[in-house]
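Have the viewer open while you read.

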Amino acid sequence: MIAYIERFIHENDSESRPTDDEKDQLPNIRHSLDLQGTINCVDTGLAGKDFGGLYTCEPLALIRPASPDDVARVVKAACRSPNLTVAARGNGHSINGQAMSDGGLVMDMRSTEGNHFEVVRMNGETFVDVSGGALWEDVLERCVSEYKLAPRSWTDYLGLTVGGTLSNAGVSGQAFRFGPQTCNVAELDVVTGKGELVTCNENENSELFFGALGGLGQFGIVTRARVAVQPAPDMVRWIRVVYAEFEDFTRCAEWLVTRPEGESFDYVEGFVFVNSVDDPANGWPTVPLDPDQGFDPSRIPRTAGSVLYCLEVALHYQKTDHPSTVDKAVNSLLGRLGFIEDMKFQVDVSYVEFLLRVKHVEVSARANGTWDAPHPWLNMFVSKRDIADFDRVVFKRMLKNGVGGPMLVYPLLRSKWDSRTSVALPADGEIFYLVALLGFTMPYPNAPSAEKLVSQNKEIVQFCVSEGFDFKLYLPHYQSEEEWRRHFGSQWSRFVERKDRFDPLAILAPGQKIFKRVP
Ligand code: FAD
């Protein structure tokens, strides 16, 4: 057992620095922890920042646990203190400080990423046990290369941790078929806010299981997840088709997502783009899948407006499949879609390449400085009832010049989501849309300031509220209990009961700003 603190915290002039009381607790915590992992009170930089780049804070210590036991010890130590909180940090890809703990303890879950990896067969189904701190890209790599298996439901970008996405939902173009990632998990190991390590599933400790899924980290820290997998295909035909009218786009997207399994594509997403050649981040150049494919604007009808719509689909196949079989399956589906004639782009890529497609965006954003700039992103679920009005005002008017990055919009099916989990969805109807405004802009003054983009997001949300739209924020961010109460609506009392039961002192995930630490 190696327990150490490298040095006590620096004094500095940050507003959010830990109080003297908090610093006084450090020696006690250090002695009581006896960790296999490490605790660092000096170099906590990683823990005070996130991908959003809008908030910073100064935690008391950054802990790199080696095992679930370490995680439990840290939480128990925080319980014994009068005011310490604990934030599990996945890969810190939150936007609004959700994985931070101001003056508290941050646990870098990535240090546990190698703790689990095992294929499990149960009741005729196959699963893989992975660590809560594992990156999905590593899960993909190992599942495919060692077992030719793969999880069924993904996010677009895989540099995210298993525990981080399961605390939210985890959504991509497979969710219409399999539901979000939170619905593709059979079992979890969770360290509760009381520091107890509990195995939970649908039948055993089910309140904790469903509470933790989509639970914004409020009920426990996920140290192991049993994720459903299926045989991995070799290849993917990846296709984009373009629409001038939102109504045609949504009709085709909804038709595809409501087809029976085996009679549709394996992946369905869509995005809005600016009807202009001039915008490299939001215009015509963002549509072709290959630099050799030209975008021929003469095909766009003269009636088209300020923005156009792209339906993005993919079909899985094996290398042994005859090309004509793949062509036939693809063409019979595309033949039913009324997109602009000849506005079709397609490439064949390996399955792994397809799932890692956003990695290229990361590489170029890191190179041009937009990865480290602030990302005031907005993610929402908007009911089908209101999506046409949302398009008319938000996409066509407010965002007619884009957001400097992808503007995703695609349909999902409520029946694929388990209402026992903690995720909040729009109130009515089977179909709702994911809307994601994902700007990658240069730091101010080379692009609009983060404040300006944040206020644009507020304007969009305010518009939805004032029109009475049926919507929820995805990856929500609120400051007051009143707003959280409204967010969860009829599920609020269940959420509070789960909190009282599993984290009564409100130790966990303080960065979500839902509950105040109980002294
Ligand atoms: P963090 O940001 O570190 O943590 C998020 C929350 O979960 C925090 O409250 C934290 O305390 C808690 N948490 C972290 N680990 C654990 C754990 N082991 N147990 C319990 N709680 C924990 N989301 C989608 O659904 N689909 C997408 O396609 C998608 N694409 C994205 C692309 C990019 C480039 C980025 C930056 C984000 C994307 N997201 C997407 C959002 C992403 O799912 C969330 O931001 C997620 O929270 C990030 O995961 P993380 O592992 O970095 O978690």
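In which strand is Glu 269 found? The answer is β12, residues 267–274; helices (H or I, at least four residues) and strands (E, at least two) are DSSP runs, numbered from the N terminus. Before going on, note that this is a predicted model, where local features need pLDDT of at least 70, side-chain atom pairs count only at pLDDT 80 or more, and totals for chains, interfaces and linings use all residues. Residues are numbered from 1 along each chain as its sequence is written, and side-chain values use heavy atoms, with hydrogens and water left out.

**Around Glu 269**

Glu 269 is buried but has no salt bridge. Buried means under 20% relative accessible area, exposed means over 50%, and partly exposed is in between (1.4 Å probe, protein chains only). A salt bridge needs a side-chain nitrogen of Lys or Arg within 4 Å of a carboxyl oxygen of Asp or Glu. For Glu 269, the nearest side chain of opposite charge is Arg 357, at 4.4 Å; Lys and Arg count as positive and Asp and Glu as negative, while His and the chain ends are not counted.

What Glu 269 does have is a polar contact of 3.4 Å between its side chain and that of Tyr 410. That term covers a pair of N or O atoms within 3.5 Å; within protein, one must be able to donate a hydrogen and the other to accept it, and residues adjacent in sequence count only if both atoms are side-chain atoms. Leaving aside neighbours within four places in sequence, the contacts of Glu 269 (heavy atoms within 4.5 Å) include Asp 156, Ser 172, Cys 310, Glu 312 and Leu 408.

Arg 357 also lies over the face of Phe 354, at 4.4 Å from the ring centre. The rule here is that NZ of Lys or CZ of Arg is within 6 Å of the ring centre and within 35 degrees of the ring normal.

**Salt bridges**

The salt-bridge count comes to 29. Three of them are laid out here.

| Asp 129 | Arg 226 | 2.7 Å |

Asp 389 and Arg 392 both lie in helix α11 (residues 384–398), 3 residues apart, or about one turn of the helix. Asp 389 is partly exposed at 30% relative accessible area, and Arg 392 is partly exposed at 39%. Elsewhere, salt bridges that share partners join Asp 129, Glu 187, Asp 189, Arg 224 and Arg 226 into one network.

**Aromatic rings**

Rings of Phe, Tyr and Trp (its six-membered ring) pair if their centres lie within 6.5 Å; planes under 30 degrees apart count as stacked, over 60 as edge-to-face and the rest as tilted. By this rule there are 33 aromatic pairs. Why is the pair Trp 371 and Phe 440 stacked? The ring centres are 6.1 Å apart and the planes are at 20°, so the pair is stacked. Trp 371 sits in the loop between α10 (359–368) and β15 (378–383), and Phe 440 in the loop between β17 (431–437) and α12 (450–466), so the pair ties together parts that are 69 residues apart in sequence. Trp 371 is buried at 8% relative accessibility, and Phe 440 is buried at 18%.

One aromatic cluster is formed by Phe 219, Tyr 478, Trp 484, Phe 488, Trp 492, Phe 495 and Phe 515. Phe 219 is also among the contacts of Ala 212, a residue of helix α6 (residues 206–212).

Most residues other than glycine have a negative phi, and most peptide bonds are trans. A cis peptide bond joins Tyr 444 and Pro 445, with omega about 10°; Pro 445 is in the loop between β17 and α12. Leu 475 has a positive phi, near 55°, in the loop between β18 (471–473) and α13 (481–488). Ala 506 has a phi near 55° and lies in the segment after α14 (492–502). Leu 475 is partly exposed at 31% relative accessibility, whereas Ala 506 is buried at 7%.
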